[in-house]
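Colleague: I am new to this structure and would like to learn how to read its features. Could you take me through a few of them?

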Amino acid sequence: MQNLEIVRLERTKGVELIAEEESGGKFQFSKEGAGFILPKLLNDREHYLSFLIQVEEEHSLAMTLTVYVCGESAPAFTVRFGLLPKVKIPIVLDLEWMDANELFPEAPRGALKMVCHGKRVARQEIEKIVLSTMPCFHQVKCLISDLSLTEEYPDIPKLPKKILVDRFGQSAWKDWPGKIRDDEELKCRLNAQLDKGDGYPFADWSSYGGWKEKKLTAGTGYFSKCKKEGRWWLTDPEGYAFFSMGPDCVGAGGDCRIDGVEQWLDWLPDREDKAFSTMFSESARRGKKNRIVNFSFFQANLYRAFGESWREKWEKMLCRQLKNCGMNTLGNWSDARLFGRTGIPYVTSLPEFPSTEKNIFRDFPDVFSEEYKAEAVRCAKALLPRKDDPLMIGYFLRNEPAWAFVDQLMLADEVLYNPKRTACKEALIKFLAERYGGIEQLNQAWNADFESFSTLYQPQRDCSERSAHTKEDLREFSKKMLRAYVEIPASECRKVDPNHMILGMRWAWISNPDLMVGWENFDVFSINCYAVDPTEKIQQVVDLGVDLPVLIGEFHFGALDAGPCATGLEGVRNQRERGLAYHNYCESVAAHKNGVGCHYFQCYDQFVLGRFDGENYNIGLFDITSCAYPEMLEQIKECSSQIYKIADGEVRKCKRDVESIPMIAY
């Protein structure tokens, strides 16, 4: 074990760090974000950087470990992680993550989500590492102690005993208007929502939520797409214009992870209690003997309000809640048991995207293997049960591939770096041999000294940086891989289900223009776009040559005045501004000639202690007790009432004043 000392304070992003009690490890970080440099210790065999930290605020905090390499001013690699307030938490960062093979490493219990961004970094390349806060909307204080670097995974102290969650699954230390206080209040609130009327509140909407003022086609009996006068539309089964709006993750699951943090809960039923026993669930942890344990406070609250018939009443209440405010779509990851029962159209995902035993990088499969083709055939069969359902808008092939989180990733580089003997490597070597004829010609073009083409079976790092020829060759082959990645599963899905639209891949962002390869296989191009205004990102898709409707698969806005203690990926001041920001966003999508819908992430707030991966955001239309955020629903209804006229150009979008704050997200 090697104890670390802070070698010097550093100004980060031009902001000075204020050290209140430096000897005690207590620091005040300015609102723009600041931190300190760690010693240059990473040329040895130590793997684990660990410390204890306590956030002395009312809300969560995001921090980063940022790695800089010699000769580059921009960060090469970062680990972002979240921290709960009010309690001392151990953090362990594995320096092996710098090989870039981990996107979402598992955090120690008590800590929140961790995510790795950036390219592969070798230890000898490192110039400095900075531990810092993310920018925040005010100055924040943390207590940091026991900073150390070890070869073995460190011993982690037990988490302190402290009540952070009340019996309803709400934050115990935080108060806000509308917070549930007792069972009777919960029953009254939910039964009032259950008593709302059925149906959409707009006379000019079809039963599917389409716009009866604009008949675009005769109708096929299924959802489809239509381009008219330069504008893309979706159409409902009757042929009316359709703009898709609704929340993701509509379900009664309630993903509240509790293993290891039971001492922070004010109430947890006995697992043998028949009323609550089915509300516990377990899943495996990667490489660990003990399992992830969830308890659904969400279901427990419904049981308190409605008794044993809670699921039936919840479905009825939910349908009325969504339809009454003008939401016409159940978004991705919604409970399949709702499909066809609520009368609300829905989107879904291919349950399983084809994979291979040997991956190229992260989750990118060996796409030229026979195994990939066979897996594509197998995975497509999952579409059979719903292929004739008129309420299904379409399906995504997958969501946010982990390999695409590395900006400007050259997949062919990863083929050559990966020591595995893959079909992609065989195809790449054959491609190069046919292009150059002999190894001498390849060496001359690549500025290399390979003995033979067989040398390329050994790991080669960053070949695309050797010369202009290597970059051109490897980019061309990477695009061949991308085309196979898209075309093979899309083709098999079309064979199984010719009735429904393929809605694309739901890219997290367009990290590389080459991601557009194969767009012709989709009916709709989908991206997830966390922004105040998505117009630029939609236009980016169009400018890169895609002539398709564009659907936003995820966006949200969070605040800190109610519910959980983090904002998510876009922050605003309060619940009222969350509703206004939603209104602005949807109108911007509708105003774009390619925009055909946007799905809000997500229906319900996340758990204050974190879902399965540690996200704990106040982003729901409803809180953990199923009570609505009225400011949100009011703006959603007002937005929905005008959305078709904005899409058709009859009404211009209107920008409402909203003050953004730096996100608290991980």
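**Helices and sheets, read one at a time**

Modeller: Helix 8 (468-496) is among the elements that cover the buried residues of helix 4, where helices (H or I, at least four residues) and strands (E, at least two) are DSSP runs numbered from the N terminus, and contact means heavy atoms within 4.5 Å. This is a predicted model, in which local features need pLDDT of at least 70 and side-chain atom pairs count only at pLDDT 80 or more, while totals for chains, interfaces and linings use all residues. Residues are numbered from 1 along each chain as its sequence is written, and side-chain values use heavy atoms, with hydrogens and water left out.

Colleague: Which residues of helix 4 are buried?

Modeller: Buried means under 20% relative accessible area, exposed over 50%, and partly exposed in between (1.4 Å probe, protein chains only). In helix 4 (residues 370-380), the buried residues are Y372, E375, A376, C379 and A380. Down the axis of helix 4 they fall within an arc of 125°, so they line one face of the helix; the arc is that of the directions from the helix axis to the C-beta atoms. The general idea is that an α-helix has 3.6 residues a turn, so residues three or four places apart point the same way.

Colleague: At roughly what angle do the axes of helix 2 and helix 3 cross?

Modeller: Axes are lines fitted to C-alpha atoms, for helices over the stretch in contact, and angles run from 0 to 180 degrees between N-to-C directions. Helix 2 (residues 297-306) and helix 3 (residues 310-324) have axes that come within 9 Å and cross at roughly 95°. That makes the two helices roughly perpendicular (65 to 115 degrees; under 35 is roughly parallel, over 145 roughly antiparallel, the rest oblique). Helix 2 contributes F298, Q299, L302, Y303 and F306 to the contact, and helix 3 contributes W310, R311, K313, W314 and M317.

Colleague: What is the strand order in the open sheet with parallel pairing?

Modeller: Two strands pair if DSSP finds at least two bridges between them. The order in this sheet of 4 strands is 17-26-24-23. Strand 17 (244-247) and strand 23 (525-527) are at the edges with a single partner strand each, so one side of each has no neighbour in the sheet. From one strand to the next, the twist averages 15°. Strand 24 (residues 550-552) and strand 26 (residues 595-600) pair over 3 bridges, and L551 has G597 in strand 26 as its bridge partner.
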